[in-house]
Each structure stands twice: as structure tokens, then as C-alpha cells.
Amino acid sequence: MSVSLLDRATQIKTYSWDNAQVLLVGNKCDLEDERIIPAEDGRRLAEELGFEFFEASAKENINVKQVFERLVDVICEKMNESLENGPVPSSGTAHLTDSSPKEQSNCSC
């Protein structure tokens, strides 16, 4: 039994952390002749779910870098927002920290 994208999105929103960042990515856009879901349907679903939408192809290296860069940007934006709004109450979840110098990162967070 397959799980629909809507079901998967509901699971993500229900079971993930409140600050989980999600992008909807349609893969294998290089196989246009075998397309099952029109790009417009993907865009519409992403909009309904409140996600950003990308089409990508790992094989042809189409939008792969852009997807990861956008996800990093979204994460940095959320981190900056949380820093501006003050400390977030602890949920009892362990947090990983990066001890590497900030100068090595292109991220502003």
C-alpha cells in the first residue's frame, strides 16, 4: 500500500519537531516522457501544504544544489528568527552543537 504525499505531509507535520523545515521536491524531472505527476500539480500541492516546491534530477544534476542551498537558507532564516525572539523553552530534547569557527561558514546564522 503506497502512502500519498498528503498522508506523508500530515505525518511530517504531526510527528516532526515544531521547527522542522520541509521542501517538496519532485525528482527525475529529466524523464519528462515518463512523467506521472504534472509539475503544476506538485506546485499546487506544495502551496496547499505550505511547502516550497522544486523539481530536480540527481542524474542530470538539475536543481540539486539549489534545493540544498534553499533548505540551508530556510534553516538559517528560522535560526535567526529564534535568536531575535529570544530563547526558546527547552523541550527536553538534546541539541547538537557545532564547535567549528563561524568564519568557515557561508551561513549568516
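The buried residues of helix H2 pack against helix H1, strand E1 (23-26) and strand E2, where helices (H or I, at least four residues) and strands (E, at least two) are DSSP runs numbered from the N terminus. The model is a predicted one, in which local features need pLDDT of at least 70 and side-chain atom pairs count only at pLDDT 80 or more, whereas totals for chains, interfaces and linings use all residues. Residues are numbered from 1 along each chain as its sequence is written, and side-chain values use heavy atoms, with hydrogens and water left out.

In H2 (residues 39-49), Ala39, Gly42, Leu45, Ala46 and Leu49 are buried, buried being under 20% relative accessible area, exposed over 50% and partly exposed in between (1.4 Å probe, protein chains only). Seen down the axis of H2, these buried residues fall within an arc of 125°, so they line one face of the helix; the arc is that of the directions from the helix axis to the C-beta atoms. The face of H2 turned away from the buried side carries the exposed residues Glu47 and Glu48. Just after H2, Gly50 takes a positive phi of about 80°.

Most residues other than glycine have a negative phi. Lys28, although not a glycine, has a positive phi of about 65°; this residue is placed in the loop between E1 and H2 and is exposed, with a relative accessible area of 52%. Asn63, also a residue other than glycine, has a positive phi near 65°, is found in the loop between E2 and helix H3 (64-84), and counts as partly exposed at 28% relative accessibility.

The second largest pocket holds about 580 Å³ of space. Of the 24 residues that line this pocket, the closest to its centre are Leu5, Val25, Gly26, Asn27 and Ile37, and H1, E1, H2 and E2 each supply at least two residues of the lining. The lining divides into 16 nonpolar, three polar and five charged residues.

As to confidence, the mean pLDDT (the predictor's confidence in each residue, from 0 to 100) of the chain is 78, and 76% of its residues reach 70 or more.

Note on methods
Contact = heavy atoms within 4.5 Å. 1 Å grid on protein atoms, 1.4 Å probe; cavity = no way out; pocket = protein on both sides within 12 Å on 5 of 7 lines; lining within 4 Å. Points joined across faces, edges and corners; volume = space filled by probe spheres on them. Nonpolar A, V, L, I, M, F, W, Y, C, P; charged D, E, K, R; others polar.
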